[in-house]
Amino acid sequence: MEKAKAKLMFKLAFSKKNWGEKYDRLEHFKRFQNLKQIVKELSKKGWILTHNKPKYLGISLNTNYKKEIIEFIESQMPEVKGIIQ
């Protein structure tokens with residue numbers, strides 16, 4: 001599950017650049033198994049912010065934990081080391 005967490009956060013950070021108030025709909029990440037569980041665990045850590053909207057749930061990465069998030073992604077996915085800013 002750690003690898004899946006890293007992949008989700010990598011997608012948010014690198015391809016979509018969803019940090020802080022820039023978020024994406026949760027439904028855009030349906031391909032991840034255990035998506036709700038992953039989001040729940042990462043929110044509890046404070047790494048993912050949830051944005052409750054009337055028709056959907058948005059998620060983004062917490063800029064306060066940027067260093068820790070990048071280190072976690074790189075430890076789980078060494079092939080992306082140095083790509084995320």
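Helices and strands here are DSSP runs, of at least four residues for helices (H or I) and at least two for strands (E), numbered from the N terminus. The model described is predicted. Asn-34 is partly exposed, as its relative accessible area is 49%.

Lys-17 also has a positive phi, near 50 degrees, and is a residue other than glycine. Most residues other than glycine have a negative phi. Lys-17 belongs to the loop between H1 and E1, and a relative accessible area of 53% makes Lys-17 exposed.

## A buried asparagine

Asn-18 is located in the loop between helix H1 (2–15) and strand E1 (24–25). Asn-18 has a relative accessibility of 1% and therefore counts as buried, since buried means under 20% relative accessible area. Apart from neighbours within four places in sequence, the contacts of Asn-18 are Leu-12, Tyr-23, Asp-24, Ile-59, Ser-60 and Leu-61.

In soluble globular proteins, nonpolar side chains tend to be buried together. In this model the largest nonpolar core comprises 25 residues, and Leu-8, Met-9, Ile-48, Ile-59, Leu-61 and Ile-73 have the most contacts inside it. At least two residues of this core come from each of H1, H2, strand E3 (57–61) and H3. H1 supplies the largest share, six residues.

Ile-73 is part of helix H3 and is buried because its relative accessibility is 0%. When neighbours within four places in sequence are set aside, Ile-73 touches Ala-6, Met-9, Phe-10, Val-80 and Ile-84. The C-alpha atoms of Ile-73 and Ala-13 are separated by 9.8 Å, while the two residues are 60 residues apart along the chain.

## Packing of H1 against H2

Two packed helices are described by the angle between their axes and the distance between the axes. For H1 and H2 the angle is about 80 degrees and the axes are 10 Å apart. Angles of 65 to 115 degrees count as roughly perpendicular, and H1 and H2 are therefore roughly perpendicular to each other. On the H1 side, the residues that meet H2 are Ala-4, Lys-5, Leu-8 and Met-9. Their partners in H2 are Leu-35, Ile-38, Val-39, Glu-41 and Leu-42.

## Aromatic pairs and charges over rings

Three aromatic pairs are present in the structure. In one of them, Phe-29 and Phe-32 have ring centres 6.5 Å apart and planes at 45 degrees, so this pair is tilted. Phe-29 is buried, with 0% relative accessibility, and Phe-32 is buried with a relative accessible area of 8%. Another pair joins Trp-47 and Phe-72, whose ring centres are 5.5 Å apart and whose planes meet at 65 degrees, so this pair is edge-to-face. Trp-47 lies in the loop between helix H2 (35–45) and strand E2 (48–52), and Phe-72 in helix H3 (residues 66–76), so the pair ties together parts that are 25 residues apart in sequence. Trp-47 and Phe-72 are both buried.

Arg-31 lies over the face of Phe-32, at 4.5 Å from the ring centre.

Methods
Residues numbered from 1 in each chain as written. Predicted model: local features only at pLDDT ≥ 70, side-chain atom pairs only at ≥ 80, totals over all residues. Heavy atoms only, no water. Phe/Tyr/Trp six-rings, centres within 6.5 Å; stacked < 30°, edge-to-face > 60°. Buried < 20%, exposed > 50% of the residue type's maximum accessible area, 1.4 Å probe, protein only. Lys NZ or Arg CZ within 6 Å of the ring centre and 35° of its normal. Contact = heavy atoms within 4.5 Å. Core = buried A, V, L, I, M, F, W, Y, C linked by side-chain atoms within 4.5 Å. Axes fitted to C-alpha atoms, helices over the stretch in contact; angles between N-to-C directions. Parallel < 35°, antiparallel > 145°, perpendicular 65-115°, else oblique.
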